[in-house]
Number of protein chains: 2
Amino acid sequence: MSKVKLDRQEKIGRLEAKCRERRIPMTVQRRAIFEALLDRQDHPTIDQVYEDIKDRIPGVSRTTVYRTLETFVDLGVSRKTSHVAAMARFDGNVEHHHHLVCVRCDKLVDFDDPALSRLPLPDARRTGFEIKDFSVYLEGLCPDCKKFAPKARGANRPRKKLI
Amino acid sequence: MSKVKLDRQEKIGRLEAKCRERRIPMTVQRRAIFEALLDRQDHPTIDQVYEDIKDRIPGVSRTTVYRTLETFVDLGVSRKTSHVAAMARFDGNVEHHHHLVCVRCDKLVDFDDPALSRLPLPDARRTGFEIKDFSVYLEGLCPDCKKFAPKARGANRPRKKLI
DNA sequence: CTCCGTGCAAAAGGTTTGCACTGGT
DNA sequence: ACCAGTGCAAACCTTTTGCACGGAG
């Protein structure tokens with residue numbers, strides 16, 4: 001069995017463990033959605049995941065995909081990725097700069113650091129991409145969110161409002 | 001006059017120059033929206049910009065804010081920032097990793113690079129943030145977009161479909 | 001004077017919510 | 001058997017589009 005397969009099984013096992021730990025049921029929908037995530041090498045949208053599973057789970061609804069993926073993020077087995085997308089945000093600063101992002105409330109602020117900016121561009125030739133620039137996203141807790149229980153996970157987490 | 005004020009004037013001048021160069025009118029709406037962008041230290045949403053200007057420009061519509069900010073990005077005087085937001089995307093990979101993002105079609109793929117990951121966390125104490133992790137976004141052209149005229153700006157640019 | 005930009009309203013996505021029912025544990 | 005998860009439909013919110021008018025060059 002290949003390394004990749006083993007990795008896949010291990011991740012599924014981690015999901016099952018987390019579900020048991022949190023006393024939440026491991027439904028066929030959750031398993032299928034998680035496997036669909038693992039089987040893609042890109043960062044699918046809700047709709048892409050839905051397309052991937054709707055044949056295996058006839059009658060499944062998009063709503064379930066929304067809720068399930070949100071659950072996975074809470075469980076720590078999946079991530080939401082930063083992406084230029086709907087609910088656009090704009091920045092008048094076009095100079096090279098970096099960002100601080102709060103993992104709890106999603107606040108985003110600019111961060112200038114000459115040391116970071118001196119970072120040499122890595123060799124990405126094997127990917128076929130032609131890299132022009134880069135920016136670093138520093139992830140952590142903003143001053144406001146540090147005040148609240150920083151270990152809060154899922155529960156007592158404020159409804160994300162995209163501050 | 002302070003350094004900041006000078007910077008502000010300089011940026012407004014750059015916008016005026018770009019508008020003249022591209023033969024597009026410099027309307028009161030465009031000026032107000034650009035000033036609103038410059039006056040904020042964060043990354044406002046469309047709606048936040050709208051709230052900022054609606055008193056100064058009575059009767060202005062959200063539609064104008066949408067179109068104007070898009071114009072600014074084309075002119076190169078503003079940027080759209082990557083942000084965890086609506087049109088969610090998910091990643092089954094929770095390990096530390098980086099991203100390649102195509103500035104033309106917004107394609108996003110994972111990129112692993114041990115050298116990048118050894119980067120020491122910068123000192124962000126002055127910001128009040130408590131940094132836990134970071135990830136690097138490498139910006140450039142994906143293999144597909146490299147094929148098309150890479151210098152295309154605005155014109156002949158495909159409608160963004162969030163591939 | 002000529003266009004392009006703007007405002008309005010409607011349409012087009014994407015996401016969230018309430019409720020009754022089903023299915024894991 | 002119990003309670004959380006699911007499916008459906010409607011509500012909600014953000015973004016896009018078509019059209020007629022008005023203002024910048």
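Reader: Are Phe34(A) and Phe72(A) buried or exposed?
Author: This is a predicted model, where local features need pLDDT of at least 70 and side-chain atom pairs count only at pLDDT 80 or more, while totals for chains, interfaces and linings use all residues. Residues are numbered from 1 along each chain as its sequence is written, chains are lettered from A and ligands numbered from 1 in the order in which they are written, and side-chain values use heavy atoms, without hydrogens and water. With a 1.4 Å probe and protein chains only, a relative accessible area under 20% counts as buried, over 50% as exposed, and in between as partly exposed. By that scale, both Phe34(A) and Phe72(A) are buried.

Reader: How many aromatic pairs are there over all chains?
Author: Rings of Phe, Tyr and Trp (its six-membered ring) pair if their centres lie within 6.5 Å; planes under 30 degrees apart are stacked, over 60 edge-to-face, and the rest tilted. Over all chains, the count by this rule is three.

Reader: What kind of aromatic pair do Phe34(A) and Phe72(A) form?
Author: Their centres are 5.3 Å apart, with 80° between the planes. That makes the pair of Phe34(A) and Phe72(A) edge-to-face.

Reader: How many residues apart in sequence are the parts this pair ties together?
Author: Helices here are DSSP runs (H or I, at least four residues; strands are E, at least two), numbered from the N terminus. Phe34(A) sits in α2 (residues 28–39) and Phe72(A) in α4 of chain A, so the separation is 38 residues.

Reader: At what angle do the axes of α2(A) and α4(A) cross?
Author: Axes are lines fitted to C-alpha atoms, for helices over the stretch in contact, with angles from 0 to 180 degrees between N-to-C directions. The axes of α2(A) and α4(A) come within 10 Å, and they cross at roughly 75°.

Reader: Which residues of α4(A) meet α2(A)?
Author: Contact means heavy atoms within 4.5 Å. From α2(A) come Gln29(A), Arg30(A), Ile33(A), Phe34(A) and Leu37(A). Their partners in α4(A) are Thr64(A), Val65(A), Thr68(A), Leu69(A), Thr71(A) and Phe72(A).

Reader: How many disulfides does the structure hold over all chains?
Author: A disulfide needs two cysteine sulfur atoms within 2.5 Å. Cys19(B) is buried at 2% relative accessible area, and Cys142(B) is buried at 0%. Over all chains, the number of disulfides is zero.
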